[in-house]
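Me: I would like to go through this structure step by step. Could you explain each term when it comes up?
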Amino acid sequence: MRTRTEQFLPFALLLPSILFLGLLIVIPMIQALFLAILADEGGFTLEHFQRMASDVNFSDAWRNTLLLLLLIVPLQIVLALAMALLINSRFRGHGFFLYIYAIPLAISDLAAGILWLAVFTERGYLNSALQSAGVIQQPIIFLSFENVPGILSAIVIAESWRATAIVLLILIAGLQLIPRDFFEAADLFGATRFRRTVHVVLPLLRPSLQSALIIRTIFALQTFAVVFALAGRNMPVLAGEAYTWYAANRNEHLAAAYAVLLLALTAVATVVYLRVLGLREAEVQR
Amino acid sequence: MSPRVLDRALIYGSAILLAVWVLIPFYIIAVSAFTPQARIFDFPKPLLPTAFSTDTMQFFVEARGVVPSVINSLLVALATIAFGLTLGTPAGYALARFHFRGREAFQVIVLATKMFPIAILSIPLAVTFLQLGLYDNLLAVALVHTAMALPFIILVTGGVFVAVSHELEEAAQTLGCTRWGAFLRVALPLALPGLAAAAIFTFVISWNEVFAATILTLRTRTLPALVLAGLGTSPLGFKFAGGLFMAMPAIVFIFLIRRYLMNLWGSR
């Protein structure tokens with residue numbers, strides 16, 4: 001027999017989490033909006049947004065953030081897909097390789113930036129290898145503000161290296177949902193591994209690919225520490241500008257304007273993906 | 001070569017190649033951080049280390065603020081684990097055991113928070129914490145980290161309690177345990193390894209978090225906040241040692257929680 005307490009128990013168990021998340025997410029979101037439109041002398045103003053938009057770094061930050069997003073996200077999906085398909089072939093020792101591939105999951109973007117700094121810095125290991133191989137006569141300065149392709153590639157490589165692990169786990173979980181019979185059926189009809197992947201696996205993996213895309217896009221919008229570690233202030237990005245305006249320039253209104261912009265972009269990206277890729281609610285809940 | 005052997009070779013070849021891609025930066029940072037200070041600017045560097053020295057690491061550990069920041073990082077992480085498990089374990093248990101109205105809605109909330117850019121919210125939160133006298137306070141950092149870790153804790157503990165048989169708890173209740181007693185004596189001990197994994201991943205989230213920790217503190221820095229704030233001024237050796245220090249726990253931690261990896265990101 002279900003007692004009244006038994007009926008209310010689940011809600012009592014969830015309540016602390018809901019209250020906490022409301023306190024630390026919903027309220028600050030509203031506050032960010034207020035900070036961004038509140039004038040110092042009282043009343044509301046769009047002055048902070050105007051100042052943000054007319055700032056010298058603003059258009060660069062926009063361009064860099066979107067450029068990084070467009071370069072990093074597809075690369076990660078491809079890399080993670082290769083790893084996931086390999087692991088899912090369940091060869092002997094696949095568990096060990098999954099562990100290796102998942103290690104960057106526990107690494108911060110800051111640490112990843114520094115790890116790759118040791119590779120890309122002027123007297124670092126990439127230049128050393130190139131010089132030893134006789135490809136170059138003197139070190140290439142990859143991380144100079146004059147070498148935009150160099151900086152961009154370094155950031156894209158570091159960030160792809162780090163966050164591919166997240167995509168990998170999402171995709172493997174998706175692959176595990178595909179019944180083994182499907183693979184066997186495809187084999188039975190003489191499909192090659194490549195054809196099987198394209199015609200059977202990828203369509204069935206679509207929901208996982210969609211959530212990986214959404215998650216990675218949202219995270220790529222927040223990219224900042226890896227950029228600071230590799231490029232310093234030479235490469236403004238939106239999240240970095242929010243940080244700089246708060247921590248260095250001590251202007252919480254402008255920082256909040258950037259925060260609101262990033263939150264809006266997050267919302268737009270999510271809605272666009274859900275619409276364009278047609279992710280149904282039922283799939284989210286699985 | 002038979003097609004089968006070729007197939008195997010292809011699979012292992014690609015698997016090893018991808019593993020090298022993941023592991024090589026660890027090797028390079030380790031070699032860099034254990035290069036003597038005087039030889040950090042040697043060029044071209046040999047790929048195999050020629051001189052081993054701990055003086056770069058020693059310089060890092062003895063640098064001002066490093067030891068306190070490591071202690072701060074540990075304190076924040078422990079507080080985050082305490083808050084996160086206290087809040088999240090009951091929620092995970094409720095998701096695993098009960099079918100109630102609003103269950104799906106709650107799951108959507110959990111998944112949405114998992115993706116939500118909480119770090120960005122540290123900007124308005126910093127203003128609030130300043131008013132509350134919690135600015136530059138580790139408690140404030142721990143609270144934000146708890147919000148980040150909570151969805152993961154709920155998902156992992158939820159998965160853990162699903163795996164612990166409900167019948168055992170019911171059996172304990174028919175033998176005279178209260179609901180709470182059955183949970184405490186039967187479900188909880190069986191769930192401990194999973195809860196430990198949740199705690200470890202919470203540690204990882206907190207130990208790695210940079211944005212909120214830097215925004216919310218000024219002098220009471222955590223390690224990532226200290227390293228980030230000093231990026232513009234600190235010497236290369238300091239960065240390398242700091243990078244190694246921040247990255248190495250990952251190798252151990254992912255190993256410890258390898259069985260629970262799917263619960264973290266797998267459930268969409």
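Me: How many helices and strands does chain A have?
Reply: Chain A has 14 helices and zero strands. Helices (H or I, at least four residues) and strands (E, at least two) are DSSP runs, numbered from the N terminus. This is a predicted model, in which local features need pLDDT of at least 70 and side-chain atom pairs count only at pLDDT 80 or more, while totals for chains, interfaces and linings use all residues. Residues are numbered from 1 along each chain as its sequence is written, and chains are lettered from A and ligands numbered from 1 in the order in which they are written.

Me: And what does chain A span along its principal axes?
Reply: The C-alpha trace of chain A spans about 80 × 75 × 30 Å along those axes.

Me: What percentage of chain A counts as buried?
Reply: The share is 44% of the 286 residues of chain A. A residue is buried if 20 or more other C-beta atoms lie within 10 Å of its own, exposed if 12 or fewer, and partly exposed in between, with C-beta atoms placed from the backbone.

Me: Which residues of helix α6 of chain A are buried?
Reply: In this helix, residues 125-132, the buried residues are A:Y125, A:L126 and A:N127. They pack against α5 (109-120) of chain A together with α1 of chain B. Here two residues are in contact if their C-beta atoms, placed from the backbone, lie within 7 Å. Just after α6(A), A:G134 takes a positive phi of about 80°.

Me: Which residue other than glycine has a phi near 50°?
Reply: That is A:R250, and the value is positive. A:R250 sits in the loop between α12 (238-248) and α13 (252-276) of chain A.

Me: Is A:R250 buried or exposed?
Reply: A:R250 has 9 other C-beta atoms within 10 Å, and is therefore exposed.

Me: Moving on, how many residues does each chain give to the contact between A and B?
Reply: Chain A gives 79 residues and chain B gives 79 residues. On the side of chain A that touches chain B, helix α1 (residues 4-37) of chain A gives the most, with 15 residues.

Me: What classes of residue make up that side of chain A?
Reply: The side of chain A that touches chain B has 60 nonpolar, 15 polar and four charged residues. Ala, Val, Leu, Ile, Met, Phe, Trp, Tyr, Cys and Pro count as nonpolar, Asp, Glu, Lys and Arg as charged, and the others, Gly among them, as polar.

Me: Now chain B: how many helices and strands?
Reply: Chain B has 13 helices and zero strands. Of its 268 residues, 47% count as buried. The C-alpha atoms of chain B fill a box of roughly 70 × 70 × 30 Å, taken along the principal axes.

Me: Which domains are assigned in chain B?
Reply: Domain 1 covers 1-63, and domain 2 covers 64-235 + 247-265. Domain bounds come from an automatic or database domain assignment. The centres of the two domains of chain B, taken over C-alpha atoms, are 32 Å apart. Their contact takes five residues from domain 1 and five residues from domain 2 of chain B. On the side of domain 1 that touches domain 2, α1 (3-33) and α2 (55-62) of chain B each supply at least two residues. By class, that side of domain 1 has five nonpolar, no polar and no charged residues.

Me: At what angle do α6 and α8 of chain B cross?
Reply: The axes of helix α6 (residues 138-163) and helix α8 (residues 179-208) of chain B cross at roughly 150° and come within 9 Å. Axes are lines fitted to C-alpha atoms, for helices over the stretch in contact, and angles run from 0 to 180 degrees between N-to-C directions.

Me: Why are they called roughly antiparallel?
Reply: Angles under 35 degrees count as roughly parallel, over 145 as roughly antiparallel, 65 to 115 as roughly perpendicular and the rest as oblique. α6(B) and α8(B) are therefore roughly antiparallel to each other. The residues of their contact divide into 14 nonpolar, five polar and no charged.

Me: What about B:D136?
Reply: B:D136 has a positive phi of about 60° although it is not a glycine. B:D136 lies in the loop between α5 (122-132) and α6 of chain B. With 16 C-beta neighbours inside 10 Å, B:D136 counts as partly exposed.
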